[in-house]
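My entries follow the order in which I looked.

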Amino acid sequence: MTTEKDTNMTKVSNPASTRLPKIHLDKTLVGRLEALAASVMRRSPEVGERLIDEIARAKLVAPNKMRDDVITIGSVVTYRDLDMAREHTVSVVYPENANIEEGRISVLTPVGVALLGLSPGATISWVTRDDETRQLEVLEVRPPVTHD
């Protein structure tokens with residue numbers, strides 16, 4: 001049975017399953033991500049709650065142990081919107097660095113939250129700002145560029 005609350009949560013694409021794909025987060029980012037989630041609660045509680053839920057279910061990993069193919073802040077991601085049959089390549093960034101024309105999406109957008117922590121092959125549902133449920137599949141992840 002699906003409740004109203006269930007329809008607003010991020011789910012895997014297989015309707016027969018309620019299992020979410022595994023996600024990993026750099027543990028040094030958690031404090032800032034939680035602060036961002038709290039800051040967005042007033043104007044977009046759905047996004048804030050989803051980000052908190054994703055942080056809570058993530059396996060937290062030391063930055064030097066993070067695999068390069070896990071989506072984190074700064075990753076360049078190619079994903080397929082399975083409902084629209086389109087591929088998109090974006091970089092997941094903090095809100096102050098977002099610029100949709102340049103392909104940089106905020107971690108505080110519904111798709112940004114859905115992508116965070118995933119790896120290639122993962123498929124997940126997300127709810128758009130227009131309250132449409134869509135499916136996406138991660139195709140490729142390139143790690144953030146570091147300037148040493």
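I began with what covers the buried residues of α3, and the list includes β1 (24-26), α2 (30-40), α4 (110-115) and β6 (123-127). The model is a predicted one, and I read the entries below with that in mind.

Next I looked up which residues of α3 are buried: V47, G48, R50, L51, E54 and I55. They lie on the same side of α3, because the arc they cover around the axis is only 165°.

I also checked the length of α3. The helix has 13 residues (45-57), so at 1.5 Å a residue it should span 18 Å; its end C-alpha atoms are 18 Å apart, which agrees.

I then turned to the largest nonpolar core, which has 34 residues. V107, L115 and L136 have the most contacts inside it. Elements giving two or more residues to this core are α2, α3, β3, β4 (86-93), α4, β6 and β7 (133-142). The largest share, five residues, comes from α2.

For L136 I listed contacts beyond four places in sequence; among them are Y79, V111, L115, T123 and W126.

Y79 was my last entry. Is Y79 buried or exposed? Its relative accessibility is 7%, so Y79 counts as buried, the cut-off being under 20%. Y79 sits in strand β3 (residues 76-81). Leaving out residues up to four places away in sequence, Y79 touches R86, E87, H88, V90, V111, L115, L136, E137, V138 and L139. I also noted that Y79 and T123, 44 residues apart in sequence, are 9.4 Å apart in space, C-alpha to C-alpha.

Key:
Residues are numbered from 1 along each chain as its sequence is written. This is a predicted model: local features need pLDDT of at least 70, side-chain atom pairs count only at pLDDT 80 or more; totals for chains, interfaces and linings use all residues. Side-chain values use heavy atoms; hydrogens and water are left out. Helices (H or I, at least four residues) and strands (E, at least two) are DSSP runs, numbered from the N terminus. The expected span of a helix is 1.5 Å times one less than its number of residues. Buried means under 20% relative accessible area, exposed over 50%, partly exposed in between (1.4 Å probe, protein chains only). The arc is that of the directions from the helix axis to the C-beta atoms. Contact means heavy atoms within 4.5 Å. A nonpolar core is a set of buried Ala, Val, Leu, Ile, Met, Phe, Trp, Tyr and Cys residues joined through side-chain atoms within 4.5 Å.
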